[in-house]
Amino acid sequence: MENTTSSAAALPPSGKKKGFVKRLKSVNRLFLLTVVVPTTIAIVYFGLIASDVYVSESRFVVRSPQRQSQTGVVGALLQGTGFARAQDDTYPVIDYIQSRDALRELNRGDYILDSYGNHGDFVSRFSRSFDDSFEALWKYYGKHIVTVDFDSASSITTLQTRAYTAQDAEKINESLLEMSERLINRMNERAAQDTVQFAQAQVDLAASKAKDAAAALAAYRNSYTVFDPEKQSALQLQQVTSLQTQLFAAQTQLIQLQSLAPQNPQIPPLKTSIATLQKQINAATGDVAGGKGSLSEKAATYARLQLDQQFAEKQLASAMAALDNAQAEAQKKQLYLERLVQPNTPDAAIEPKRLKAIFEVFALGMITWGVLSLLLAGVREHHD
């Protein structure tokens, strides 16, 4: 009886022990799945399988010769050399580097496709057997090959290219910089062409207006037989003044003769002469300041036409000066891509960062294991 009682008393601890073992095994399996297995895979992949990746880096800045207000050390340096940062023009260059057009030019002769599809480990290489479309290659290009970082404070752009050989990394980086410089040159050429074409159009328009104004003035002169109303009026007024002087002299002589010798035979001819002078004075005065057809009437229209011609000539001169300036500016580069750091040929592969990647997998596994352990413990307590 005592043996039976002692055995029965020993059962509960044994049952508790078996339950603890089961729980420990459950925990070990969870730890194995979330921590041990992923970490082991990471160690095997990053330690034995992952291919070395070489990174080539270059730095450049897009600048303009126009002076602008600058901030910061680099801005002050560029301003001191007479060149200003062209921050807004850096974004098109960055977009072009990341674009399909840039990849298409780099991939001439399937250079990118072969470099990243035939080299590297099975995980990091471009999987041509799975999807060899250009769209897939472009996504791979933006994710694994090219990285562009723009510092808005200094306007310096850092370009990094990754490849499985140091020569490929340096070659792709150099090619992208050359392509970017050609893009800047095209932008300069287009801006210069647009500026010159606009200035030339303004010159053509001003020349047409000047010709029309000159033709209108010439037609008016021919139609109304007038060359310069002001000068012609001056001549007419001089003639009137001379006739008035002669008239005054004749009238004085007539008064004297009538007073001294009323029967003098010179009196009738003198009266005739006075009447003739009076008619001439009236005719000359009418030509200058008379009614319709007088020089004063013609002067208003003539002055307007002459003013139109002068204004058109000034417009033409201004447009021609602007064209000369545009042509001079077209000979200069408005934007420069200045290389601050040339593309380098990497001495050693710096990616992947093997220890860091393994530690990250381990840390993530530990976090996952801890969270799942808490959830499972909560579920067990709820069932108990």
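Biologist: Is D110 buried, partly exposed or exposed?

Modeller: The model is a predicted one. Residue D110 is found in the loop between helix 4 (100-106) and helix 5. Buried means under 20% relative accessible area and exposed over 50%. D110 has 37% relative accessibility, so the residue counts as partly exposed.

Biologist: How many aromatic pairs does a search of the whole structure find?

Modeller: A pair of aromatic rings is described by the distance of the centres and the angle of the planes. Rings pair if their centres lie within 6.5 Å. For the whole structure, the number of aromatic pairs found is six.

Biologist: Are the rings of Y116 and Y140 stacked, tilted or edge-to-face?

Modeller: The ring centres of Y116 and Y140 are 6.0 Å apart. Planes over 60 degrees apart count as edge-to-face. The planes of these two rings stand at 65°, so the pair is edge-to-face.

Biologist: How many residues apart are Y116 and Y140, and where do they lie?

Modeller: Both Y116 and Y140 are buried. Y116 is in helix 5 (residues 111-117) and Y140 in helix 6 (residues 134-145), so that the pair links distant parts of the chain, 24 residues apart.

Biologist: Which parts of the chain does the pair of Y116 and Y164 tie together, and how many residues apart are they?

Modeller: The pair of Y116 and Y164 is tilted, with 5.9 Å centre to centre and 55° between the planes. Y116 counts as buried at 3% relative accessibility, and Y164 is buried with a relative accessible area of 14%. Y116 lies in helix 5 and Y164 in the loop between strand 4 (156-163) and helix 7 (166-224), so the pair ties together parts whose separation in sequence is 48 residues.

Biologist: Which residues do ring pairs link into a cluster?

Modeller: Y116 pairs with Y140 and also with Y164. Together with F126, these residues are linked by ring pairs, and the cluster is Y116, F126, Y140 and Y164.

Biologist: Which residue lies over the face of W138?

Modeller: Elsewhere, K171 lies over the face of Y111, at 4.4 Å from the ring centre. Over the face of W138, at 3.8 Å from the ring centre, lies R100.

Biologist: Which exposed residues does helix 6 carry on the face turned away from its buried side?

Modeller: The buried residues of helix 6 are A136, L137, Y140, Y141 and I145. They cover an arc of only 145° around the axis, which puts them on the same side of helix 6. The face turned away from that side carries the exposed residues K139, G142 and K143.

Biologist: Within what arc do the buried residues of helix 3 fall?

Modeller: An α-helix has 3.6 residues a turn, so residues three or four places apart point the same way. In helix 3 (residues 90-97), T90, V93, I94, Y96 and I97 are buried. Seen down the axis, these residues line one face of the helix, because they fall within an arc of 160°.

Biologist: Which element gives the most to the lining of the largest pocket?

Modeller: The largest pocket has a volume of about 370 Å³. It is lined by 18 residues, of which V53, S124, H144, R162 and E351 lie nearest its centre. The lining divides into ten nonpolar, three polar and five charged residues. Helix 1 (2-49), helix 6 and strand 4 each supply at least two residues, and the element that gives the most, with three residues, is helix 6.

Biologist: What is omega, approximately, for the bond that joins E351 and P352?

Modeller: P352 is found in the loop between strand 5 (336-341) and helix 11 (354-383). The peptide bond joining E351 and P352 is cis, with omega at about -5°.

Biologist: What distance separates the C-alpha atoms of L32 and W369?

Modeller: L32 is found in helix 1, and it is partly exposed, with a relative accessible area of 42%. L32 and W369 are 337 residues apart along the chain, and their C-alpha atoms are separated by 9.1 Å.

Definitions and conventions. Residues are numbered from 1 along each chain as its sequence is written. This is a predicted model: local features need pLDDT of at least 70, side-chain atom pairs count only at pLDDT 80 or more; totals for chains, interfaces and linings use all residues. Side-chain values use heavy atoms; hydrogens and water are left out. Rings of Phe, Tyr and Trp (its six-membered ring) pair if their centres lie within 6.5 Å; planes under 30 degrees apart count as stacked, over 60 as edge-to-face and the rest as tilted. Helices (H or I, at least four residues) and strands (E, at least two) are DSSP runs, numbered from the N terminus. Buried means under 20% relative accessible area, exposed over 50%, partly exposed in between (1.4 Å probe, protein chains only). A charge sits over a ring if NZ of Lys or CZ of Arg is within 6 Å of the ring centre and within 35 degrees of the ring normal. The arc is that of the directions from the helix axis to the C-beta atoms. On a 1 Å grid over the protein atoms alone, a cavity is a set of points where a 1.4 Å probe fits but cannot get out, and a pocket is an open set with protein on both sides within 12 Å along at least five of seven lines; lining residues have an atom within 4 Å of a point. Grid points are joined across faces, edges and corners, and a volume is the space filled by probe spheres set on the points. Ala, Val, Leu, Ile, Met, Phe, Trp, Tyr, Cys and Pro count as nonpolar, Asp, Glu, Lys and Arg as charged, and the others, Gly among them, as polar.
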